[in-house]
Amino acid sequence: MTGLLFRSAGDVVSRLRRKQGLSDNELAKEAGLRVGTLRDIEEGVPPTDSQLQDLASALEYSPEAIHLLTGEFPERLQQALVEDPDRGLEALEEAYDVETLEQGPGGGLPEPIFSTERGKLYNADCRDVLPQLEEESFDLIFADPPFNLDKDYGEENGDDLAEDEYLRWSTEWIDEAIRLLRPGGAFFLYNLPKWNIHFGDYISRRLTLRHWITVDIKFGLPIPGRLYPSHYSLLYFVKGGSPETFDPDRLPIDTCPHCGGEQNDYGGYKSKMNPKGVNLTDVWDDIPPVRHKRYLHRDANQLSLKLLHRVIGMATEQGDRVLDPFGGAGTTYVAAELMGRKWVGTEIHDCSPIQERFANIDEDRSYIEEIEQDLNVLFSADAIDKRLEYKEEFGLNFEDYDLSESIERSGQERLGPF
Ligand SMILES: C[S@@+](CC[C@H](N)C(=O)[O-])C[C@H]1O[C@@H](n2cnc3c(N)ncnc32)[C@H](O)[C@@H]1O
């Protein structure tokens, strides 16, 4: 693995080619190479010196500039700077221009396939759309990219790549995401721990890591010879030293699903507990997998609305702008829409599940109402019912707890007066 800080020459060639709007056939022809050879190079096979020379001249760059863009400072270039400073400087200028060119706002945004008063969805590769968006214009970026597990999202979309290629593919959109984030804005990246180890290192050189959040969800089947994978990683960064908005919801006390009894012993602290519930921790074990047909909008990985509701609520305020480059079933977009945030999204494949979901957005609205019912209270409505049911049998009561927040939300009349 070359790691995230370096790109292969082929990767740079591929970026330059796409930037110039050339197909692989066109560039291969111009450079006098077979298209298969060019594809191999773009997939990471190192080009020979003469192939690189031909590709560079077809792209109207110097081979030295291409080397610089891979993140290397080749010995040849050091020599050139000593022996022929003008040529060395030219290469440096060219490489610098490409990076600036890639970062500057362009003029070619496609028409959105779908929009609402608050949001816009582009049916496109995020790597083509993100460079066209205005720098530092988002308060929250949430990304749940393909995990490179060879799922059927389509070819060359980050799910059937060699490890190095996947990491490089990821830096393309991550670099853009970082550029688009406002100072004080939050960047959340949901992925397997295996990948987030690399991204954590790469991104924390550019943003400030706030948390590695563990999202406790069983992946599916146990893997022979390995521990049963049962969590995802959610990286949480901010641009600059501190977040503009940090307003996490508080959760109800963890109770037994059968009788409503406390799972932890709060002993003499009951009366001192915050009536709005307990602090959110960096282990989230209350996020359900999306299995229920009513909420499942397509086959591939779809996140729970509860997760997006939590992230958006914690890191943004009403009217803030949210970006999610990997639309999927549009969970981020419906959450943002229903929570009064503006949003922008891209999805490279079929966008119809997202459009259909918006057509039935009331289903998601009622789920959010359900979620909110049990936030910022000491006892969930269900726990209150259970505790009343098993009051005598298990000696459960509410003595000492301050239930001022819980009563109103639960609609319970049997609890008062307090
Ligand atoms: C893991 S899913 C996202 C699921 C989403 N968070 C949800 O809850 O519905 C990843 C999505 O990214 C899309 N995708 C893959 N490569 C892309 C790219 N380069 N640009 C935009 N979308 C891409 C895939 O088609 C897939 O729908």
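**Entry 1: the model.** I am working from a predicted model, and I kept that in mind throughout.

**Entry 2: α9 and α10.** I started with helix α9, residues 163-180, and helix α10, residues 193-203. Their axes come within 12 Å and cross at roughly 45°. The crossing is right-handed. Next I looked up who makes the contact: α9 brings Leu167, Ser170, Thr171 and Ile174, while α10 brings His198, Phe199, Tyr202 and Ile203. Sorting these residues gave me five nonpolar, three polar and no charged.

**Entry 3: the cores.** Which residues have the most contacts inside the largest nonpolar core? I found Ile141, Ala177, Phe187 and Phe188, in a core of 52 residues. Leaving aside residues up to four places away in sequence, Ala177 touches Leu130, Ile141, Ala143, Phe187 and Pro325. Apart from this core lies another, of 21 residues, including Val12, Leu55, Ile66 and Leu69.

**Entry 4: glycine 36.** My last stop was glycine 36, which sits in helix α3, residues 35-42. Is glycine 36 buried or exposed? I counted 10 other C-beta atoms within 10 Å; the cut-off for exposed is 12 or fewer, so glycine 36 is exposed. I also checked its distance to aspartate 24, twelve residues apart along the chain: the two C-alpha atoms are separated by 9.1 Å.

How values were computed:
Residues are numbered from 1 along each chain as its sequence is written. This is a predicted model: local features need pLDDT of at least 70, side-chain atom pairs count only at pLDDT 80 or more; totals for chains, interfaces and linings use all residues. Axes are lines fitted to C-alpha atoms, for helices over the stretch in contact, and angles run from 0 to 180 degrees between N-to-C directions. Helices (H or I, at least four residues) and strands (E, at least two) are DSSP runs, numbered from the N terminus. A crossing is left-handed if the near helix is turned anticlockwise from the far one by less than a right angle, and right-handed if clockwise. Two residues are in contact if their C-beta atoms, placed from the backbone, lie within 7 Å. Ala, Val, Leu, Ile, Met, Phe, Trp, Tyr, Cys and Pro count as nonpolar, Asp, Glu, Lys and Arg as charged, and the others, Gly among them, as polar. A nonpolar core is a set of buried Ala, Val, Leu, Ile, Met, Phe, Trp, Tyr and Cys residues joined through C-beta atoms within 7 Å. A residue is buried if 20 or more other C-beta atoms lie within 10 Å of its own, exposed if 12 or fewer, and partly exposed in between; C-beta atoms are placed from the backbone.
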